[in-house]
Amino acid sequence: MSLNVESTPLTAVLAPPPLRLIDDTGHAVAESESGGFALPAVDTLLGLYRQMVIARRFDVQVTALTRQGRLATYPSALGQEACEIAAVAALAPQDWLFPTYRDSIALLTRGVEPKDILASFRGDWHSGYDYPRHRIAPQATPLATQALHAVGLATASKLKRDDTVALTLLGDGATSEGDAHEAFNFAAVWQAPVVFVVQNNQFAISVPLDKQMACRTIADKAIGYGMPGYYVDGNDVAAMYAVISAAMDRARSGGGPTLIEGLTYRIEAHTNSDDPTRYRKTADVDLWRSRDPIERLEKYLRAQGALSDQLRDSIAAAAEELAATTRDCMTEQAVVDPLELFEHVYSTPRAALAEQRAFLAAELDGDAAASASAPLNGAISGTNSEESTR
């Protein structure tokens, strides 16, 4: 008996065109095609352009460092800059971001230092940044778990009657997880001030979207939970920013959650250990490279007279400066204390954990004592340094 229960649908269900404000050629769309959203001001778009350029240079640099063996792993967001930068730009200072493992450029844009972002990818620390200071939760590796945490914080915000909104980033694969369903459902039932931004890069590692779900779009699922859903061109930072900002305002004013799907594409491999040529075509990658979010916005800004060659070069120089800082911090030897393994595990220390910590501390002290008493420079007892070099 075959275990393959897939069947070919009788009729193909085609997705509608995604909402966009600037098309692939860098031109503003007609008002009738904007879905009721206004194109952000040129100054706002210029700021988004700057952040995307800097974020991409950081991403490319970190990918290079990973290939050199200076980091254990790194999931690139190349090609997905519009989704992440728009999401962070829509946050107010008091809002919280709940990112995934792929959202390092979102952390960078929110103000986290490169060395702190990369601490976990290098294996130096569980997570290298201060969560309350930056209002960013830990980068979640398990799929969709951070969505539940976002709903919890947003519900607490509602109960406290403050104006904090939680925004969580998800991948298309994460929406197939039970945690995502629970988060969407509870957010709608409790009318929690939370915004779900799904970066649909069309592959859950190697599984294409049409092998995960049969619906037209992920955004269509929103109606089943009782909240608004928007299907947006994820490579149009103007549209992503306009839609996310409106959703944040809606949540802040008591309107409840929103599900936003950004249609984009992961240009690089899933991580440095992945071989994407096994499950996707080079022609598809080339097609999406031609839909580059940075080039699209650059064309629009140049047409508006807002981006000169001089300004473009200064932004590129700032990006190079950040890349150099990132390289430098990855050449520094991390100071690691093995006893930190036992910190921040329980709010009240447990006896068993304390016993394990004491055991490791004694072992480390023994190793240190042995090292201190060992002969130096390869010298052997009974021989002098001159003899040892012959």
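The model is a predicted one, in which local features need pLDDT of at least 70, side-chain atom pairs count only at pLDDT 80 or more, and totals for chains, interfaces and linings use all residues. Residues are numbered from 1 along each chain as its sequence is written, and side-chain values use heavy atoms, with hydrogens and water left out.

A nonpolar core is here a set of buried Ala, Val, Leu, Ile, Met, Phe, Trp, Tyr and Cys residues joined through side-chain atoms within 4.5 Å; buried means under 20% relative accessible area, exposed over 50%, and partly exposed in between, with a 1.4 Å probe and protein chains only. The largest such core holds 64 residues, and F58, L167, I244 and L297 have the most contacts inside it. Helix α1 (residues 42-67) supplies the largest share of this core, 11 residues. Helices (H or I, at least four residues) and strands (E, at least two) are DSSP runs, numbered from the N terminus. A second, separate core has 27 residues, including F98, A154, A174 and F184. Contact means heavy atoms within 4.5 Å. By that rule, and not counting residues up to four places away in sequence, L167 touches A87, L91, W96, L97, F98, V195, V197, I244 and M248.

Helix α6 comes next. Its 16 residues (145-160) should span 22 Å at 1.5 Å a residue, and its end C-alpha atoms are 23 Å apart, which agrees; the expected span is 1.5 Å times one less than the number of residues. The buried residues of α6 are Q146, A147, A150, V151, A154, T155 and S157. These buried residues pack against β1 (96-98), β2 (166-171), α7 and β3 (194-200). In the loop between α5 (131-134) and α6 sits A144, which has a positive phi of about 75° although it is not a glycine. A144 counts as buried because its relative accessible area is 1%. Just after α6, R161 takes a positive phi of about 60°.

How does D179 relate to this region? D179 lies in helix α7 (residues 178-190) and, leaving aside its neighbours within four places in sequence, is in contact with L143, A144, T145 and L148. With 24% relative accessibility, D179 counts as partly exposed. In the loop between α7 and β3 is Q191, another residue with a positive phi, about 50°, although it is not a glycine. Q191 is partly exposed, at 30% relative accessibility.

Two further loop residues are buried. Q80, in the loop between α1 and α2 (81-89), counts as buried at 1% relative accessibility. Not counting residues up to four places away in sequence, Q80 touches R102, Q199, N201, T264, Y265 and R266. T271 is in the loop between β7 (258-263) and α10 (282-289), and its 14% relative accessibility makes it buried. Apart from neighbours within four places in sequence, T271 is in contact with T73, Y74 and P75. T271 and L78 are 193 residues apart in sequence and 11 Å apart in space, C-alpha to C-alpha.

Charged side chains complete the picture. A salt bridge is a side-chain nitrogen of Lys or Arg within 4 Å of a carboxyl oxygen of Asp or Glu, and a search of the whole structure finds 17 of them. One joins K160 and D162 (4.0 Å, N to O); K160 is exposed at 61% relative accessible area, whereas D162 is partly exposed at 33%. Another links D274 with R266, the closest N and O atoms being 4.0 Å apart, and both D274 and R266 are buried. R302 and D309 also meet in a salt bridge (2.9 Å, N to O). R20, D24, D233 and R296 are linked in a network of salt bridges.

Which side chain of opposite charge is nearest to D236, a buried residue with no salt bridge? That side chain belongs to R296, 4.4 Å away; Lys and Arg count as positive and Asp and Glu as negative, while His and the chain ends are not counted. D236 is placed in the loop between β6 (229-233) and α9 (237-252). A polar atom of the D236 side chain lies 2.9 Å from the backbone nitrogen of I22. Leaving aside its neighbours within four places in sequence, D236 is in contact with R20, L21, I22, A82 and R296.

Note on methods. A polar contact is a pair of N or O atoms within 3.5 Å; within protein, one must be able to donate a hydrogen and the other to accept it, and residues adjacent in sequence count only if both atoms are side-chain atoms.
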